[in-house]
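This report describes a protein model in terms of fold, domains, strand pairing and chain contacts. The sequence and structure come first.

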Amino acid sequence: MEFSDILASIIHDMKNSLGMVINTLEEITAESDDEGPQQKKIPILQHEAKRLNNKLIELLTLYKIDNNRIVATIDEVMVDEFLEEIVIDNQVNAQAKGVTLSYTCDEYLSGYFDEGLMRGVINNLIGNGLRYTRSQLLIAAQMVDDYLVFQVEDDGAGFPDTMLEAQAAFELNESYVEGHTQLGIYFCGMVARLHKNGDRQGFTKLSNNNTLSGGCFAVWLP
Amino acid sequence: MPARTWFSERWGVKFKRSNLESKSYLVVDDFGDMRSLIKNMLLSCGAGDIVAAMNGAQAIKAMERKRFDVVLCDYNLGSGKDGQQVLEEARHRQLIGLGTVFVMITAENTREMVMGAVEYEPDSYLTKPFNKELLRSRLEKLLAKKQDLLPIEKAVENRDFTLALELLNQKIAESPPNIGELNKLKGEICLQAGEVEEALVVYDKVLAVREMPWARLGLGKALFGAKRYAEARVVFQDLVNANDRYTAAYDWLAKTCKCLNQHQDAQDILQKAAKLSPRVITRQQALGELALSNNDVNTAEAAFSNAVKFGKHSVYKHPSVYANLAKVVAENKTGGEGLKVLKDMQREFADDSEAEFYNAAAESVIQRSMGDSEKSEQALERALEEYQKLGKDVSSEYSIELAKTYTKLGDPDKATELFHQAVRNNHSDEELLSELGATMQSLGLQEDPSSLISEIRKEIIRLNNKGVELAREGKLKESISLFEEAAEGMSGNKVVNLNAARVLLMDIEQNNNYAGKINRVRVYLDRVKALDPDNQTLRKLNAKFQEIVGT
């Protein structure tokens with residue numbers, strides 16, 4: 001066994017424990033009507049545990065990409081069902097932070113992508129968005145120029161200019177990026193690029209002031 | 001409960017959903033906290049009828065007692081059966097109904113499991129951790145989908161593929177949002193029904209829109225079914241090149257190589273797949289047998305011992321694997337160690353005539369190699385006794401085993417006769433024929449098995465054509481005696497038995513000539529039913545038979 005394999009199996013183990021933590025916290029919130037000061041701290045725990053879980057998935061996926069152990073397995077996915085589940089999954093966290101989390105897409109929109117990988121990407125973007133938004137997070141999916149475009153938008157302060165300018169660099173994977181947000185962007189870009197159709201390849205795009213006033217992270221899939 | 005308000009206005013409108021309250025649930029997890037967690041989630045969704053099991057054996061017992069609407073099963077169940085083995089056994093033994101939703105709960109991204117699944121896939125995978133609302137939404141949709149497809153699945157279970165496809169085509173014609181899923185199902189049913197041309201059309205259409213591994217794999221299977229092996233090989237090879245962890249594609253590539261008489265390639269391919277996911281025991285068995293016919297006893301021993309090790313709790317556990325392991329171990333190590341494997345085998349399969357046959361046959365070979373011809377002969381006697389009991393008429397599997405045994409005991413004439421019989425009984429099964437050829441060659445019984453096999457095939461095809469021709473000319477009596485005589489000599493040959501039944505039925509219908517024929521038709525149809533229950537000609541003849549018997 002190589003060291004990186006051992007590392008990966010330890011991460012799996014950590015993820016199992018974390019899963020129990022997340023589920024147990026959920027049970028505690030569901031069971032208690034108490035609105036005491038201690039109870040109010042539970043959502044913080046929940047949010048951080050969930051974030052940790054997303055980061056572990058990110059780590060495992062990057063590990064597999066690095067070892068060439070992963071290819072995007074394209075299948076037809078009903079986008080509405082896909083986004084509905086993601087929103088359900090993150091709803092408790094969003095509510096605890098007082099954020100309205102919703103999604104919009106055509107009821108019959110179907111897309112071709114790797115469901116597991118894209119779930120990781122969008123969970124990641126929601127996790128980040130919950131930190132930076134003021135009151136809303138909106139997920140949208142639509143077809144644009146024969147690409148399926150997922151967007152996660154917030155009404156926070158938006159991405160700083162330096163990031164908007166630097167995005168070409170992460171896209172090309174030219175510079176090593178530091179800091180949590182950038183690492184998340186790096187991950188999303190990697191997954192987007194795993195999606196290919198003919199000679200077209202997926203990519204990501206950052207912008208501000210789309211439908212909401214804050215940042216908008218878009219993943220374009222061919 | 002505010003968590004639902006954001007979509008409550010669309011509740012029940014967007015997707016078809018089924019109610020969870022009146023359903024029965026089985027929760028399988030080796031971890032007590034997880035069991036109670038899932039149970040609590042279900043309770044708070046309004047479910048009341050929930051049974052929990054802590055391992056695979058308990059889960060199977062629970063399913064033997066009761067039909068569940070939903071099974072939620074963790075993949076990882078500690079020692080004993082894993083989740084996939086629970087699913088395989090439940091579906092294989094029909095412990096769960098067609099309407100049952102089976103959800104596999106896994107710890108991580110499950111793509112690799114899906115790509116490795118050989119025969120049975122769960123209805124859905126659920127990755128931990130998940131919350132109550134997600135579970136609820138997933139189950140509601142899955143149950144509704146099952147409900148929607150139930151008439152089709154019922155038709156498939158009755159092997160009425162014509163009806164199943166008719167129902168499916170009606171749905172597809174409405175272009176519903178889940179048309180992709182329906183096309184996938186249609187392709188699978190076409191393949192099961194042997195409608196390979198239609199399967200080719202389905203997959204070509206899907207692939208014209210977008211490249212997808214499941215559709216490409218389906219196309220390869222359809223080409224294989226159409227005996228277009230060279231083209232199928234390219235398709236499977238491309239899939240493996242694009243994703244070297246797609247183990248299901250390896251299995252089909254190996255099958256295809258076998259039909260092309262590329263036995264070494266087939267072995268190399270299965271070896272790679274077995275390394276990627278060693279727990280699939282049908283693959284280990286196939287690898288072991290290939291290695292044997294390639295005279296690679298080390299690989300064979302490793303494969304058979306893996307098949308035994310991982311198959312302990314599997315519904316696919318088979319006595320032939322133990323017998324093969326015993327023989328290879330006796331050859332590679334000592335006879336005594338081979339006999340030890342046979343002892344283990346007796347413990348694993350108590351009161352099983354099939355196992356006793358394999359056991360005795362293997363023992364006779366091992367005893368002979370140890371120089372004890374008396375014990376060897378006694379074992380052979382026992383094997384022959386069991387062989388008679390098993391009804392040698394039907395399955396070639398046993399006669400092939402017996403042929404191998406005779407070869408090892410130094411009786412090539414009896415062995416050759418049995419091999420030829422197996423070829424005659426299976427003249428249209430290319431994969432088996434190629435296997436038989438390789439085996440005869442590796443045992444030194446036949447220098448040029450392929451020309452021998454093609455001779456025998458031609459002879460049978462000629463005979464069938466002649467009988468059909470006679471019937472067409474109205475010489476039913478002659479046709480009947482030709483086919484019945486042939487069916488006597490080749491009782492395990494599907495085509496011959498079907499033709500015998502067909503001309504007898506024609507005679508009954510046209511000439512109202514029943515005398516003694518009903519029972520004969522029944523014998524021929526039953527033989528085919530035992531060999532190939534999916535056979536569509538059998539289905540049609542059976543329907544006609546029922547009509548006649550009914551009146």
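Chain A has seven helices and nine strands; helices (H or I, at least four residues) and strands (E, at least two) are DSSP runs, numbered from the N terminus. The model is predicted: local features need pLDDT of at least 70, side-chain atom pairs count only at pLDDT 80 or more, and totals for chains, interfaces and linings use all residues. Residues are numbered from 1 along each chain as its sequence is written, and chains are lettered from A and ligands numbered from 1 in the order in which they are written.

The radius of gyration of chain A is 18 Å, close to the 17 Å that the globule rule gives for 222 residues, so chain A is as compact as a globular protein of that length. This radius is taken over C-alpha atoms, and the globule rule is 2.2 Å times the number of residues to the power 0.38. Along the principal axes, the C-alpha atoms of chain A fill a box of roughly 55 × 50 × 40 Å. Of the 222 residues, 43% count as buried (20 or more other C-beta atoms within 10 Å of the residue's own, with C-beta atoms placed from the backbone).

The domain assignment, which is automatic or from a database, gives chain A domain 1 (3–66) and domain 2 (75–221). Their C-alpha centres lie 21 Å apart. Twelve residues from domain 1 and twelve residues from domain 2 take part in the contact; two residues are in contact if their C-beta atoms, placed from the backbone, lie within 7 Å. On the domain 1 side, α3(A) gives the largest share, eleven residues.

Between the chains, 33 residues of chain A are in contact with 33 residues of chain B. On the chain A side, the elements that give two or more residues are α1 (3–31), α3 (42–66), β1 (75–78), α4 (79–96) and β3 (110–113). By class, that side has ten nonpolar, eleven polar and twelve charged residues. Ala, Val, Leu, Ile, Met, Phe, Trp, Tyr, Cys and Pro count as nonpolar, Asp, Glu, Lys and Arg as charged, and the others, Gly among them, as polar.

Terms used. Buried ≥ 20, exposed ≤ 12 C-beta atoms within 10 Å, placed from the backbone.
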